[in-house]
Amino acid sequence: MSPTRLSTVVLDAHDAHELAGFYLRLLGYVVRAEEPDWVLIGPPDGGTGLSFQTEPEYVPPVWPTRNPGEQQMMLHLDIEVDDLEGEVERAVGLGAVLHDHQPQDDVRVLLDPSGHPFCLWRQT
């Protein structure tokens, strides 16, 4: 086994606590640690978490890329679901926005409240 392991992925936002709250509700995670400008959440039974960091100069990513050299998406989260349309509706109800561009039938691209793209997808 490797002596290193991925513990969390950190997303910047204007408000770390607000974005953490969105993902807590979406994923059913729990808060593992928090500070005034940082929150770590993760699955209740352990595993890799998500962290959120307040960044006053945060600029939301752009997807799909429009102009080379301008802000663009650097990563996104893929979240597997059983009921794609039901989970899209739930995510939108929690504050996500369904993106206009949908490149695949079994995937829905949404933007979280800070503008980070994420995908809900269904195994076919």
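A: Two strands pair if DSSP finds at least two bridges between them. Helices (H or I, at least four residues) and strands (E, at least two) are DSSP runs, numbered from the N terminus. This is a predicted model, in which local features need pLDDT of at least 70 and side-chain atom pairs count only at pLDDT 80 or more, while totals for chains, interfaces and linings use all residues. Residues are numbered from 1 along each chain as its sequence is written, and side-chain values use heavy atoms, with hydrogens and water left out.

Q: In what order do the strands of the open sheet that contains S1 stand?
A: The order is S1-S4-S3-S2, an open sheet of four strands with mixed pairing. Because S1 and S2 stand at the edges with a single partner strand each, one side of each is left without a neighbour in the sheet. From one strand to the next, the twist averages 20°. The angles run from 0 to 180 degrees between N-to-C directions, and axes are lines fitted to C-alpha atoms, for helices over the stretch in contact.

Q: In which sense, parallel or antiparallel, do S1 and S4 pair?
A: S1 and S4 pair in the parallel sense, over six bridges. Within this pair, Leu-11 has Phe-52 in S4 as its bridge partner. By contrast, strand S2 (residues 30–35) and S3 run antiparallel and are joined by five bridges. Here Glu-34 has Val-39 in S3 as its bridge partner, and a hairpin of two residues joins S2 to S3.

Q: What is the strand order of the open sheet that contains S8?
A: The order is S5-S8-S7-S6, again in an open sheet of four strands with mixed pairing. S5 and strand S6 (97–98) are at the edges and have a single partner strand each, so one side of each lacks a neighbour in the sheet. Strand S7 (residues 107–111) pairs with S8 in the antiparallel sense over five bridges; in this pairing Val-109 stands opposite Cys-119 and Leu-111 stands opposite Pro-117. S6 and S7 are also antiparallel, over two bridges, with Leu-110 in S7 as the bridge partner of Leu-98.

Q: How many residues lie between S7 and S8 in their hairpin, and which residue in the turn has a positive phi?
A: Most residues other than glycine have a negative phi, and most peptide bonds are trans. In this hairpin five residues lie between S7 and S8, and Gly-115 in the turn has a positive phi of about 95°. As for peptide bonds, the one from Trp-63 to Pro-64 is cis, with omega near -10°; Pro-64 is in the loop between S4 and S5.

Q: How many residues of S7 are buried?
A: Buried means under 20% relative accessible area, exposed over 50%, and partly exposed in between (1.4 Å probe, protein chains only). Four of the five residues of S7 are buried. Asp-106, in the loop between S6 and S7, is partly exposed, with a relative accessible area of 21%. Glu-85, in helix H2, counts as partly exposed at 44% relative accessibility.

Q: Which residues have the most contacts inside the largest nonpolar core?
A: A nonpolar core is a set of buried Ala, Val, Leu, Ile, Met, Phe, Trp, Tyr and Cys residues joined through side-chain atoms within 4.5 Å. The largest one has 22 residues, and Tyr-23, Phe-52, Phe-118 and Leu-120 have the most contacts inside it. Among the elements that give two or more residues to this core are strand S1 (8–13), helix H1 (16–27) and strand S4 (49–54). H1 provides the largest share, six residues.

Q: Which residues does Asp-106 touch?
A: Contact means heavy atoms within 4.5 Å. Not counting residues up to four places away in sequence, Asp-106 touches Leu-84, Leu-120, Trp-121, Arg-122 and Thr-124.

Q: Across which strands does H2 lie?
A: H2 lies across S6, S7 and S8, and runs at about 5° to S7.
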